[in-house]
Amino acid sequence: MNTENTSIELRLEQKYRHGFVTDIEADTVAPGLSEDVIRFISAKKDEPDWLLDWRLESYRYWQEMQQPNWAHLKIAPIDFQAISYYSAPISNKDRPQSLDEVDPKLLETYDKLGVPLHERARLAGVAVDAVFDSVSVGTTFKEELKKAGVIFCSFSEAVQDHPELVKAYLGTVVPQRDNFFAALNSAVFTDGSFVYIPKGVRCPMELSTYFRINAAETGQFERTLIIAEAGSHVSYLEGCTAPMRDENQLHAAVVELVAMEGANIKYSTVQNWYPGDENGVGGIYNFVTKRGMCKEDNSRISWTQVETGSAITWKYPSCVLRGDNSVGEFYSVALTNNYQQADTGTKMIHLGKNTRSKIISKGISAGRGKNAYRGLVKMTRTATDARNFTQCDSMLIGKHCSAHTFPYIEVLNPSAKVEHEATTSRIGEDQLFYCLQRGISEEDAVSMIVDGFCKQVFRELPMEFAVEAKALLEVSLEGAVG
Amino acid sequence: MLIINNLHAEVDGKEILRGLDLEVAAGEVHAIMGPNGSGKSTLGNVIAGREGYEVTQGSVSYLGKDLLELSPEQRACEGVFMAFQYPVEIPGVNNTYFLRAALNAQRKYRNEEELDSVGFLRLVREKLEVLHIGDELLHRAVNEGFSGGEKKRNEIFQMAVLEPKLAILDETDSGLDIDALKAVAEGVNRLRSPDRAIVLITHYQRLLEHVKPDHVHVLARGKIVADGGPDLALKLEEQGYNWLEEGGIAPLQQAGSQ
């Protein structure tokens, strides 16, 4: 403990000598969390005082909070003092300004992971803001977006270049005190994405970010903020992969979406963090708070997620439907294999009149996986004529896995309508044998059956993402049968 | 083509087949009849290689190969097809996609070139026309929401596309109204060919009015107890299965009176 503190102090001293903005090679703060560490992060990013204060305030809230234990998850104790809260990748003196300047080794890794950044960006017309560890390393198509007036940049850049926007919206959807992990993120977030779509603008391309965790024992705390002004449209894709590793890593992101009048935000995630090995050793702890606010009338927020990775997933992308006639949607495929655990779902909070929400959840359990759907549909007093439809299907592969459904429904307005459907099925030996008898191999049969099961969700994904998601399920299910 | 010798098989430790012998040659249509619980469906499942059906004795030779050594998908690729009594639904999986995956898996196994979607669709249209099946089945998920008749027709359609060497139809006639029965029978008749053997497993004689078998076998208590021509089926229809039972051990089932 003492030595750690000393090393932080030493580092801090060094920084002071050279000035905070000077970039140095591969600096990682020693493990541990304190106000000093937060000051270090904030200073490292040259943040304004109000943001540092906001972080420190969050930290104080966090210190008084308890890690939640209501989820259907078994979580080994997390030592928050053993985590390092800041690291930057080894790179040239300065951060690369374009992909050409990016460390070829890094690009190679992306390639191996099936993320050909170059190609993807150019061929698919996708702007990519890759977060490698805690600092952005490459952003493309910025110019084209600029022409449309769209701001798409790293969160840190947004703090520098658009502080008024960040200040106006940060924490308005997910308050600092919202929950334990959101408070932690608010205190120590390092980077993430920032998107601003001006009034009436339809974003000319899908916005995509690839996240990856790299340095050992480094938690990653992303912070994403998307603001869609009146009448604007945006589709945002987020995908992530993580390499093999042994220790559990904490990943506690916060995503906030704000949709103004008639605005439309579509947020898609393919989550593929390292799930641990087949014995349940290692893997990412993925404790994420994602929430969208349909702030004004006729707005729409749609979440689509394909969750195949992480040792533990704790995630409930939600919609607060404040504006009248606003729409919230949640489409989810969550797969747990081996010893993976997932407790995931959504919250649809209906405040406005005639608000609508739709929830389609597909849970797949294989191996000794544990998969829980947890969803809240809340119709408040003011939500006249609000409607919800929930469909919640679980599929079991093998005999040692489990699926659970925890629907919470609160209706305070008598005109509201809530529908809930739920099914659980086992990939039947019947289905499997039917495929085998036609000459289809067992592996192909399983992925075909699973793919069919997930179709309702996959078709909500942008095309190339859907292909990727399908491939991911196949890889994740390898060895699940037989 | 198929030679079954002294076949004994168990399900859940219970012996169902008890020394079954059967020979089927290419070009022939065989009907296997028998009361409920006699082991008819077990025979089909053992040939297809379903898990849970354990062969304890005897042999099954198919085109000179030891069939029991092959996995279910290998058997399929070698040309063994089973039309299921209860075809399962596979939600979200398109019927055409499924069938193409099956055909291409089999072609690949035989070192034939896989069919692209254009070539496959051409083949499918051809078969649909021959079988007088509309193409509405193509656009739906495998058997999902199909009526009983549609499911059975879909089985025959799959058989037509996959062109097996040995087709086993497990009670394909059960639960069909007369029109569907005729359609299925016509489909089967069209698939009769000198190099294909067809085994019809059935409880009733009525399918055999439309598909004339070359041989009829009666299965009771896990054994073939009688062989004959089409007239054997008629006799069963008139007299039921009880006359075959010396001690009346088999369950009392009437075929003819229903």
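Me: At what angle do H3(B) and H5(B) pack?
Reply: The model is a predicted one. H3(B) passes H5(B) in a right-handed crossing. The axes of H3(B) and H5(B) lie 10 Å apart, and the angle at which the two helices pack is about 35°.

Me: By class, which residues make up the contact of H3(B) with H5(B)?
Reply: From H3(B) come B:Leu99, B:Ala102, B:Leu103 and B:Gln106, while H5(B) supplies B:Gln158, B:Val161 and B:Leu162. Sorted by class, this contact of H3(B) with H5(B) has no charged residues, two polar and five nonpolar.

Me: Is B:Ile156 buried or exposed?
Reply: B:Ile156 has its place in helix H5 of chain B. Apart from its neighbours within four places in sequence, B:Ile156 is in contact with B:Ala83, B:Leu131, B:Val184, B:Gly187 and B:Val188. A residue is buried if 20 or more other C-beta atoms lie within 10 Å of its own. Because B:Ile156 has 24 C-beta neighbours inside 10 Å, B:Ile156 counts as buried.

Me: How far apart in space are B:Ile156 and B:Val118, C-alpha to C-alpha?
Reply: In sequence, B:Ile156 and B:Val118 are 38 residues apart. In space, the C-alpha to C-alpha distance between B:Ile156 and B:Val118 is 22 Å.

Me: Which strands stand at the edges of the open sheet of chain B?
Reply: The open sheet has six strands with mixed pairing, in the order S6-S9-S10-S3-S11-S12 (chain B). Each edge strand has a single partner strand, so one side of each is left without a neighbour in the sheet; the strands in question are S6 (80-83) and S12 (223-228) of chain B.

Me: What is the bridge partner of B:Leu169 in S10(B)?
Reply: Strands S9 (residues 166-170) and S10 (residues 197-202) of chain B run parallel and are joined by five bridges. Across this pair, B:Leu169 has as its bridge partner in S10(B) the residue B:Leu200.

Me: Which strands of the sheet does helix H5 of chain B touch?
Reply: Helix H5 (residues 148-162) of chain B packs on the sheet, and its direction makes about 165° with that of S6(B). The strands that H5 of chain B touches are S6 and S9 of chain B.

Me: At about what angle to S11(B) does helix H8 of chain B run?
Reply: Helix H8 (residues 230-239) of chain B lies across strand S3 (29-33), strand S11 (215-220) and S12 of chain B. Relative to S11(B), helix H8 of chain B runs at about 45°.

Me: Which element gives the most to the side of chain B that touches chain A?
Reply: Contact between the chains involves 21 residues of chain B and 18 residues of chain A. On the side of chain B that touches chain A, the elements giving two or more residues are helix H2 (72-77), strand S7 (90-94) and helix H3 (95-109) of chain B. With five residues, the element that gives the most is H3(B).

Me: How is H3(A) directed relative to H9(A)?
Reply: Helix H3 (residues 49-63) and helix H9 (residues 180-188) of chain A pack with their axes 7 Å apart, at an angle of about 150°. Angles over 145 degrees count as roughly antiparallel. H3(A) is therefore, relative to H9(A), roughly antiparallel.

Me: What share of the residues of chain A counts as buried?
Reply: The secondary structure of chain A comes to 12 helices and 21 strands. Of the 482 residues of chain A, the share that counts as buried is 54%.

Notes. Residues are numbered from 1 along each chain as its sequence is written. Chains are lettered from A and ligands numbered from 1 in the order in which they are written. This is a predicted model: local features need pLDDT of at least 70, side-chain atom pairs count only at pLDDT 80 or more; totals for chains, interfaces and linings use all residues. Two strands pair if DSSP finds at least two bridges between them. Helices (H or I, at least four residues) and strands (E, at least two) are DSSP runs, numbered from the N terminus. Two residues are in contact if their C-beta atoms, placed from the backbone, lie within 7 Å. Axes are lines fitted to C-alpha atoms, for helices over the stretch in contact, and angles run from 0 to 180 degrees between N-to-C directions. Angles under 35 degrees count as roughly parallel, over 145 as roughly antiparallel, 65 to 115 as roughly perpendicular and the rest as oblique. A crossing is left-handed if the near helix is turned anticlockwise from the far one by less than a right angle, and right-handed if clockwise. Ala, Val, Leu, Ile, Met, Phe, Trp, Tyr, Cys and Pro count as nonpolar, Asp, Glu, Lys and Arg as charged, and the others, Gly among them, as polar. A residue is buried if 20 or more other C-beta atoms lie within 10 Å of its own, exposed if 12 or fewer, and partly exposed in between; C-beta atoms are placed from the backbone.
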